[in-house]
Every structure is written in C-alpha cells, then in structure tokens.
Amino acid sequence: MSCHKSYITTPIYYVNDVAHIGHAYTTIIADTLARYARLIGQDTFFLTGTDEHGQKIEEAAKARGKETQAYADEISKTFKDLWDDFDISYDKFIRTTDADHKKGVQKAFTAMHKKGDIYKDSYQGHYCISCETFFPELQLVDGEFCPDCGKATSVVEEESYFFKLSAYEDKLLAWYDANPDCILPKSKRNEVIRFVEGGLNDLSITRTSFDWGVKLPEDFNDPKHVMYVWLDALMNYLTALGYGTDEKNMDFWPARVHLIGKDILRFHAIYWPAFLMSLDMPLPKHIGAHGWWTRNGEKMSKSKGNVVNPKEVADAYGLENFRYFMLREVPFGGDGDFSQRALIDRINSDLGNDLGNLLNRLIGMSGKYFEGRVESDLVSKYYQAELDEVDASLAKLEPMLFEMQLHRYLEELWRPLTVANKAIDMYQPWTMIKEGKTEETMALNGLIATILAKVSLMLHAVMPQTTSTICEALGFEITPESFEEIIRNGETLAPFTTQKREPLFPRIEEELLVDERQEILKKEKEEKEAKKAAQKEKNKDSKPAEGIALIGIDQFFETSLKIGMVVEAEEVPKSKKLLLLQVDIGEDEPRQVVAGIKEFYSAEELLNTQVCVVANLKPAKLMGMKSEGMLLAAKDKDGLCLIRPEKPKTIGTPIS
C-alpha cells in the first residue's frame, strides 16, 4: 500500500452568514478525496474551518447587536455542527481566532518583512468591503462598482504595509508554465495566467480603519494595524499544521489539493503562491476551483427565497444520496443546477435501478437457487470477458478523482453495474438452472457479487455508509487491506451467504422535500387568517360603500409595492396583448414580468422608464412564460395608463 501523505483542504468559510449548498459541495468533494486517500493507505490530513476576521464580520455583528467574537463563535458553530451532522471526516477544524493561528500569521509577517517583501507606505484606492479588496479604477464597473461582487466601493486612504506582489510576477508565470495541472480545471489556469500577464500591483496587507483582525507582531510597535484578511486567512493552511508553534504536522505540506469556489481563485492562485515563495515554502500540488450552484436555472438569492438549505435536502432525501447527486450532476469547474426532480431521478435511476436493484437480484437469485450461498472461485472460468471489461473501467478511475473529474469518475464507475445487469439478462440464470448448468449459474452469482464488491470499494469515498451496508451483505468489510486485495490484486470474495434485506433505495414517487418557504407560507396564512378574523370582528358594525370590501391597514401592508425600471422589453410573438419585460426592482437580477399592455404601450416606449411593481405575487405562467410580478395601472373608457412615480425614484424604493 502507498505510504504517501495527502493534505486536503477546503477554504475556511467566512462567518458573515450561515452555510449554504455551495459550502456543502466544496466540503463533500474534499471529504470524498480524503476518504479515498485513506482507503488506499495514504497518511491523510483533512482541514476545514472558518474565517472570522475582517470588516465584514465586524459590521455583520454590529448589525445584529452582538459582540464580534460572540457572533463569530455562533456562526462558526453552525458550520462545525453541519459538518458533524454530515459525518465529514475532517482531521482539524481551524478558526482564525485561534491563538496558535494568530502566532503563525505573525511569524509569517515577520519572515516576509525580514526578506524585504513587506514595506510601509500609504494607500488611496477604491475599496470593496464585501470582498475585502482594493481595486484600480480601471477595473471598476461604471467607475464605482466592484468587478467581483457588483457592490459599490468607497474611496479609502490609509497608511498600510504592502507585500511586493509585483516582484513575483515572473516566478508565478514560471510556476504555471512548469505545472500545467496546478490549477484545475485547466481553463481556470488560463484565466489566472492572463490576469498575471496584465501586470501585478503590490498588495496592501494591513488595515487601520478597523481592528477586528490579527495584530502585527509586538516588535513592530504599530498597534493600529491589523493584517489584511486574505493574508490572515490563507495562512490557515500552514498554521493548521503547526507553523509558528509546534510544527508537528508540517511534513504534510505541501497540500495535495486546495479545494475552493471559483470566486476566490485569484487569492489562492496568485496571492497564496506568492506568499509561499516569499516564505521559501513548497507550493501546493493542485488548486481545484469549482463553479456555482443555481436552482431550477436561476441564481440563488435570499430575496427570491430559492436558497437551498443543504441539511434540509439531506434530511429529506438521505445524506449519501445528496452526496452522490452533488458529485455526479455537474462537471467540476462548471456551474451546476439544483432541482428536486434531477435529484429524484438520480436516486430512482442510478442508485435504485442500477445499484440497489443489482444487490436485490443477487440476493434473489442466490436465495432461490442456492439457499443464499455465493461462491466466486469459478467466475474467471466462465465470465473472464466481463471481468476484463469491469477491470478496464476501474483502472481509469483513480486519476480522474485527483484530477477533479468527479462526474466522469462516477459515470465510469457505473459501467461495471451495466455489465452486471446485462450479464443477468444475457445468460438468464433461470434458464441455466433448468438446463442443469448449476456451476455456470453459481459462477454468474459470483460475478455479480464481485462486481458489486469492486464498485462498492471505489464508491466508498462518496457513499461510505451505503457501501459498508452492501459489503456487509457480501461478507467482508471495507478497509485498506480489502481494497488492496480486491481492487489492486484482483482477489475473489470468500464464499458467503446472503440474507434478505430492505431495499437500499426505495423508489421516490413524489417530491418529498418541503421547501423552506412552505413553512413560512403556512405561518403567514395562519397569521392572515387570524388578522382577518380580528378585522371582521372589528368591522362587523361598519357599513362599507356598496361594492367595496373594507380591509385593515395590516392587510394593505401585506402587499409589497416597489419602484422598478424596465431594462428590457419585447413583444410576445402571436399575442395581441402581451409584452415581455425585465424589470429591475433592486434585487440580484431583474424580475421577468409578462404584462397585458401591448394595446396601449410599445416595447420601445417602456424601455428605461420607471413603473410600480407588485413584488410579492406568486409567480404565474402566461403563454408558457413565467411572470414574477404585476405592474400597477388604471383603466377606464379612455384606455389604460401605467401608475408611475411623479419624479424618478431609487430603484427598489418601497411604495407605501
């Protein structure tokens, strides 16, 4: 067995909000790699944790009326609790507020300063609080907005210590050139190279405008400075191994894989290797940058109420089914779409029909023909072609895993299951047993058991509990030793006796996941009904004008009305009345509104005009197109006109 070391990391998650599906995706990938490395006998260290310093954290705590450390403790705990609930096999959960981490960061600062890579100066520039980053004016959108997150920047002038990032431009390009797979997928490497070739400016690495961070070492005698959050955060990969303290695990460095989201690639692929070069430390082997997750084709946002809660999904559909879906559904590096229907299809088809049903067929055949007995010693005599096909697929897998081709890994791993199910249909054991071909039938059972064993061992890192259950039914345990024997050496299973058991993947006939909004809507409905009853009681003696139903002020304010700007407008083909509008109401993306006003307004005259929008209507479909709001209008015998603000107002302004 291999005695190599594997150091695998997630990013440390920023504690300005709770964990979402993107965090779960990164962590599940890292957990899969760590479990596989352990299974093949590698000494493995798996790191995750939380990033707890910076102005964003300070402001988030203040907005909630909490002390910053107490707020960081609270959110950090939600991450750790979730990973524990998800049975994530991390070896260390680091927090940047840990004392040992701070010591390591201060040691690195001192070492880089001593080398001449850190100097003191003043800085004026456009600063994005959300990204904790300064941007040159040329990179800003419309001269004001952050090119990464789109939020407004502010001009900041302050004294700062700088890291000589510009001095490492050529060394970074040489590293990328000499290591074509240092950044995965390789398309992301090309993006980084183009950025570095455009020229690097020295990096401001301290702040004086807030104090929630790691202070400079005492011998600098400069207490007003705290370290830039990215210097602080990136150093966690070293401090977690003991850098700056006992250094007992430093032999795990360099990292085999840093797993990150694509939004923080620049920090990991430019700043981090430059810091390491300054410290004369080896560089990581791979930096794997994955894409973002959407939901039913739409970007997730709180305002849309479509953010996926990973624990809710895992509780509803099963943790390991969720793990499989996340890794199988989308190529690493690309953006993925989460939908309940796609998840159900994977469970029913891949897991239920292909994997679970194969175990059921083995149990059924062995029980019917051999009282549950399965022997594998004659498999190669009758079914060597099938074994060769299976082994050819399995031989491709390990490189795919560590090259971050996880969807291809699982796709190729499913081919042996197809071989097994096809063999049953082709050789028809029910016919062979009638013809007296007892030995061939037993060998076929042995083939199915062998394929299930091999697939389970290779699937174990993705679905550890499920595969352990399968292998228990096959009479062995999953260990590095059994992996070596069955996968590496091709040894057969010892004879065993199957027993009937519940199906691993019961078919899902309908969507089980209760959307977060359903509970909210249920409560809102109850509250509305209570208010309605109270209002009815209140108004029972009043006499409204004929044809008008009185409502209370609370009911009126349940309607959300906002100022919007029509940013796109077009006619709906084959419709005399409908226009298709994209209306910006101050959310992450414009709302699509299908409006029946074509007889009174043209698309051209609506473009870039302000309208009043009912923003909390349930989405509806008109001519197959989703409409996410309604425009306010008045209509009489002279026609229809839109209700508009008398003077231009800020987009998203509530109407009251």
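D31, R35, D87 and R323 are linked in a network of salt bridges. A salt bridge here is a side-chain nitrogen of Lys or Arg within 4 Å of a carboxyl oxygen of Asp or Glu. By this rule the count comes to 34 salt bridges.

The model is predicted, so local features need pLDDT of at least 70, side-chain atom pairs count only at pLDDT 80 or more, and totals for chains, interfaces and linings use all residues. Residues are numbered from 1 along each chain as its sequence is written, and side-chain values use heavy atoms, with hydrogens and water left out.

## Salt bridges

Three further pairs are set out below.

| Pair | Closest N to O distance |
|---|---|
| D81 and K77 | 2.7 Å |
| D315 and K311 | 2.9 Å |

Elements follow DSSP: helices are H or I runs of at least four residues, strands are E runs of at least two, and both are numbered from the N terminus. D81 and K77 both lie in helix α3 (residues 68-85). They are four residues apart, about one turn of the helix. D81 counts as partly exposed, at 31% relative accessibility. The cut-offs are under 20% relative accessible area for buried, over 50% for exposed, and in between for partly exposed, with a 1.4 Å probe and protein chains only.

D315 and K311 sit in helix α10 (residues 310-317). Because they are four residues apart there, about one helical turn separates them. D315 is exposed, at 55% relative accessibility. K311 is partly exposed, at 30%.

D280 is exposed, with 61% relative accessibility. K115 is partly exposed, with a relative accessible area of 41%.

## Backbone features

N221 is found in the loop between β10 (206-207) and β11 (226-227). At 67% relative accessibility, N221 counts as exposed.

Where do cis peptide bonds occur? One joins L184 and P185, with omega about -5°. P185 lies in the loop between β8 (183-184) and α6. Another joins W253 and P254, with omega about 10°. P254 is in the loop between α8 (236-239) and β12 (257-261).

## Helix packing

Two packed helices are described by the angle between their axes and the distance between the axes. Axes are lines fitted to C-alpha atoms, for helices over the stretch in contact, and angles run from 0 to 180 degrees between N-to-C directions.

The axes of α16 (residues 415-427) and α18 (residues 438-459) come within 9 Å. They cross at roughly 170°. The two helices are therefore roughly antiparallel. Angles under 35 degrees count as roughly parallel, over 145 as roughly antiparallel, 65 to 115 as roughly perpendicular and the rest as oblique. The crossing of α16 and α18 is left-handed: the near helix is turned anticlockwise from the far one by less than a right angle, whereas clockwise would be right-handed.

From α16 the contact (heavy atoms within 4.5 Å) takes in P416, L417, V419, A420, A423, I424 and Y427. From α18 come L444, L447, I448, I451 and V455. By class, this contact has 12 nonpolar, no polar and no charged residues. Ala, Val, Leu, Ile, Met, Phe, Trp, Tyr, Cys and Pro count as nonpolar, Asp, Glu, Lys and Arg as charged, and the others, Gly among them, as polar.

The axes of α6 (residues 186-197) and α9 come within 11 Å and cross at roughly 60°. α6 and α9 are therefore oblique to each other. Their crossing is right-handed. K188, V192, F195 and V196 of α6 meet L265, R266, A269 and I270 of α9. By class, the contact of α6 with α9 has six nonpolar, no polar and two charged residues.

## A buried strand residue

V374 is in strand β17 (residues 373-374). Is V374 buried or exposed? V374 counts as buried, at 0% relative accessibility. Leaving aside neighbours within four places in sequence, V374 is in contact with L362, S366, M442, N445, G446, A449, P495, F496 and T498. V374 and F496 are 122 residues apart in sequence. Their C-alpha atoms are 5.5 Å apart in space.
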